[in-house]
Amino acid sequence: LAAESTLSVLSGTVTVTPDRSSTATGKDGMGLSAGDTVSTGAESYAVLTFANGSTLKLEPLTTVTLESMTVDEAGVLGDVVLTQTTGQTWSNVENVAPGFSYMVMTPSATAEVVGTQFVTQVDPSGDTVVQTARGQVNVSGQGQSVSVVAGTQSQVNSDQTPQAPSV
């Protein structure tokens, strides 16, 4: 089943580009589907809430595209694939069905989790830092992966493998 998420505009200016078409102003309660891109302006914050209650908070100057989202018949979140090209997000992932994943792809890395909390930060050059607050995140780049456990972070610079996790 195709899943939607719901947009909450916390402050500032948020734009939504539905399925890579024309851009519109983001509004509280707006439904989002696979293919939609959400961008926050300066001093702007938004939250995407998925069908199972998992959330993705977008910090200022962040752009995220919802590549795909699924839920099963019981409303359990299945695969979620997001592309984050700029900015910083905070993922709070809950109730992911066994065998499915929640993935944030950036220009230099991919962060994949099951039931955790983590921050993904992408600078203008595409370099990525993933910080894990709860659980474990598998971070990969250039065919190499590292496990980033709670309280640690890993940086992946463009065209490089992930750095060893550190505090």
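Start by selecting Glu43: you'll find it in the loop between strand E5 (37-40) and E6. Strands here are DSSP runs of E with at least two residues, helices are runs of H or I with at least four, and both are numbered from the N terminus. Before moving on, note that this is a predicted model, where local features need pLDDT of at least 70 and side-chain atom pairs count only at pLDDT 80 or more, while totals for chains, interfaces and linings use all residues. Residue numbers run from 1 along each chain as its sequence is written, and side-chain values use heavy atoms, with hydrogens and water left out.

**Stop 1**

Most residues other than glycine have a negative phi. Glu43 counts as exposed, at 69% relative accessibility. The cut-offs are under 20% relative accessible area for buried, over 50% for exposed and partly exposed in between, with a 1.4 Å probe and protein chains only.

Now jump to Gln142, in the loop between strand E14 (136-141) and strand E15 (144-149). Gln142 also isn't a glycine, and its phi is positive at about 55°. With a relative accessible area of 51%, Gln142 is exposed.

**Stop 2: zoom out**

Show the whole protein chain as a cartoon. Which secondary structure elements do you get? The chain has 16 strands and zero helices. Its radius of gyration is 15 Å, close to the 15 Å from the globule rule for 167 residues, so the chain is as compact as a globular protein of that length. That radius is taken over C-alpha atoms, and the rule is 2.2 Å times the number of residues to the power 0.38. Along the principal axes, the C-alpha trace spans about 40 × 40 × 25 Å.

Of the 167 residues, 47% are buried.

Colour by charge next: there are 4 positive and 15 negative side chains, and the centres of the two sets lie 7 Å apart. Lys and Arg count as positive, Asp and Glu as negative, and His and the chain ends are not counted. Each charge is placed at NZ of Lys, CZ of Arg, CG of Asp or CD of Glu.

**Stop 3: the aromatic cluster**

Select Phe50, Tyr102 and Phe118, which form one aromatic cluster. Rings of Phe, Tyr and Trp (its six-membered ring) pair if their centres lie within 6.5 Å; planes under 30 degrees apart are stacked, over 60 edge-to-face and the rest tilted. By that rule there are two aromatic pairs.

Take Phe50 and Tyr102 to begin with: the ring centres are 6.2 Å apart and the planes meet at 85°, so this pair is edge-to-face. Phe50 sits in strand E6 (residues 45-50) and Tyr102 in strand E10 (residues 102-105), so the pair ties together parts that are 52 residues apart in sequence. Phe50 and Tyr102 are buried.

Tyr102 and Phe118 are both buried.

**Stop 4: Leu66**

Find Leu66 in strand E8 (residues 63-71). Is Leu66 buried or exposed? It is buried, with a relative accessible area of 0%. A contact means heavy atoms within 4.5 Å. Beyond residues up to four places away in sequence, Leu66 touches several residues, including Leu32, Leu48, Phe50 and Val81. Leu82 is 16 residues from Leu66 in sequence, yet 4.8 Å away from C-alpha to C-alpha.

**Stop 5**

Leu10 is in strand E1 (residues 5-11). Draw a C-alpha distance to Ala46, 36 residues apart in sequence, and you get 5.2 Å. Leaving aside neighbours within four places, Leu10 is in contact with Tyr45, Ala46, Val47 and Lys57.

Finish in strand E9 (residues 77-92) with Thr86, partly exposed at 28% relative accessibility. Not counting residues up to four places away, Thr86 touches Leu61, Thr62, Thr63 and Val122. From Thr86 to Asp28, 58 residues apart along the chain, the C-alpha separation is 22 Å.
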